[in-house]
Amino acid sequence: MAFNKNNDLKKLDKKIFLATATMHGEEMKYIQEAYDTNWMTTVGKNIDTAEELICKKVGCTYAVGLSSGTAALHMAAKLAGIDLYGQPQVGHGALEGKRVFCTDMTFDATVNPIVYEGGIPVFIDTEYDTWNMDPVALEKAFEIYPEVKLVVVANLYGTPSKLDKIKEICDRHGAIIIEDAAESLGASYKGIQTGNFGKYNAISFNGNKIITGSSGGMLLTESKEAAEKVRKWSTQAREAAPWYQHEELGYNYRMSNVIAGVIRGQIPYLEEHISKKKAIYERYKEGLKDLPVSMNPFNGSDCEPNYWLSCMIIDKDAMCRQVRSDNEAVYIPQEGKSCPTEILEAIVSVNAEGRPIWKPMHMQPIYRLNPFINKDGNARAKTNAYIEGGCIDVGADIFNRGLCLPSDNKMTAEEQDVVIKAIIECFK
Ligand SMILES: *Cc1c(COP(=O)(O)O)cnc(C)c1O
């Protein structure tokens with residue numbers, strides 16, 4: 001279907017994407033340095049420096065440069081599994097057969113590493129306050145599965161979860177936290193930066209994140225032993241011997257010194273990127289204030305997000321009818337009302353890119369058999385109800401009514417106005 005409420009909208013000359021890399025020049029200098037000194041490998045000054053700079057910025061003690069945020073989360077899952085259940089036998093995962101509580105409304109890279117280690121993700125419903133893991137549902141989950149000892153919590157779109165509450169609950173139940181701060185680098189909760197709340201934490205330098213290396217990630221921890229383990233595992237777990245000697249399972253997960261050059265050049269611009277993202281968020285908030293919508297929320301003054309993506313959610317009574325299958329969406333246009341599908345089409349029609357809210361994990365076919373716990377308990381029996389429009393779980397409701405807006409740092413105020421106009425048009 002094509003957007004058809006207004007065909008006369010001004011179109012952008014240059015396409016505005018959801019979020020792309022913003023380069024500054026220094027990145028090239030460090031890439032060149034790696035090249036000129038022949039450190040075109042997974043060892044070198046760029047890696048060491050990028051790790052040091054991230055420790056300073058985030059306020060953690062150890063950072064280990066890896067090939068991706070997903071690799072960092074995998075190493076975190078393995079570390080936690082060994083802490084809890086001991087060294088697995090060859091051919092077995094460190095979390096084999098063990099349930100792990102996970103943020104439900106997130107990117108699948110938050111939870112897949114649990115499965116790499118043989119674990120069973122149990123999805124915890126979302127709260128409206130932050131669009132992150134609901135601490136009330138987490139408490140409920142510990143009532144249902146008191147044996148669980150690991151919790152993976154993500155900070156969606158750069159907004160910190162209620163990390164103190166989640167930490168308090170986990171401490172009380174003797175559970176380890178893995179914090180997925182891939183989207184929230186530079187955000188803080190009660191003055192502490194995200195990436196510090198878990199025993200093991202992950203950040204990402206993927207091409208669309210707040211700062212980038214084109215790819216790459218880091219594991220952050222206070223544990224020297226854990227950092228050393230990950231340095232070893234990520235370079236094929238080689239023992240100190242004259243030949244390739246192996247006592248443990250290895251991975252080729254270490255960060256490239258070329259990629260690290262890009263990251264090294266980007267780190268000084270983190271604050272600048274955040275302030276641009278914040279300005280984009282504020283402009284949407286102001287521009288959309290007369291519509292029956294609101295922006296993605298954060299938890300008042302406790303939270304300082306990095307505003308990575310600006311999102312909006314439509315009031316329940318301003319939704320036109322929209323039906324989504326596994327791969328398609330249709331809607332019925334209606335005067336004065338709209339839906340994410342229509343707004344995404346309107347955004348495309350002016351040559352920009354939005355995106356649906358990350359579809360919750362409990363709604364993904366791959367995870368259809370995994371438990372899903374909301375604040376009332378086991379919600380699995382009822383979760384198809386969102387299709388009828390009668391949302392009974394928070395994640396499905398936000399997915400149904402919300403969307404991500406073009407949030408590229410290089411978008412000008414004038415270009416953003418074109419996007420805002422297109423959204424306003426949807427509610428006419
Ligand atoms: C991007 C992302 C990851 C994975 O990071 P990569 O570097 O792309 O592997 C993990 N979790 C969340 C929430 C992300 O957005």
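Two strands count as paired if DSSP finds at least two bridges between them. Keep that in mind for this predicted model, where E10 and strand E12 (residues 311-314) are joined by 3 bridges and run antiparallel.

- Met 295 has Met 312, in E12, as its bridge partner.
- The open sheet holds 4 strands, ordered E10-E12-E18-E15, with antiparallel pairing.
- Strands E10 (293-295) and E15 (355-356) are the edges; each has a single partner strand, so one side of each has no neighbour in the sheet.

**Helix H2**
- Buried residues of H2 include Asn 46, Ile 47, Glu 51 and Val 58.
- Just after H2 comes Gly 59, with a positive phi of about 85 degrees.

**Salt bridges**
- The whole structure contains 27 salt bridges.
- One of them links Arg 99 and Glu 147, at 2.9 Å from N to O. Arg 99 sits in strand E2 (residues 99-103) and Glu 147 in the loop between helix H5 (135-144) and strand E4 (150-154), so the pair ties together parts 48 residues apart in sequence.
- Arg 99 is partly exposed at 33% relative accessibility, and Glu 147 is partly exposed at 44%.
- Lys 167 and Asp 171 form a salt bridge, with their closest N and O atoms 3.6 Å apart; both lie in helix H6 (residues 163-172), 4 residues or about one helical turn apart.
- A network of salt bridges links Lys 229, Lys 232, Glu 239 and Glu 248.

Methods: Residues are numbered from 1 along each chain as its sequence is written. This is a predicted model: local features need pLDDT of at least 70, side-chain atom pairs count only at pLDDT 80 or more; totals for chains, interfaces and linings use all residues. Side-chain values use heavy atoms; hydrogens and water are left out. Buried means under 20% relative accessible area, exposed over 50%, partly exposed in between (1.4 Å probe, protein chains only). Helices (H or I, at least four residues) and strands (E, at least two) are DSSP runs, numbered from the N terminus. A salt bridge is a side-chain nitrogen of Lys or Arg within 4 Å of a carboxyl oxygen of Asp or Glu.
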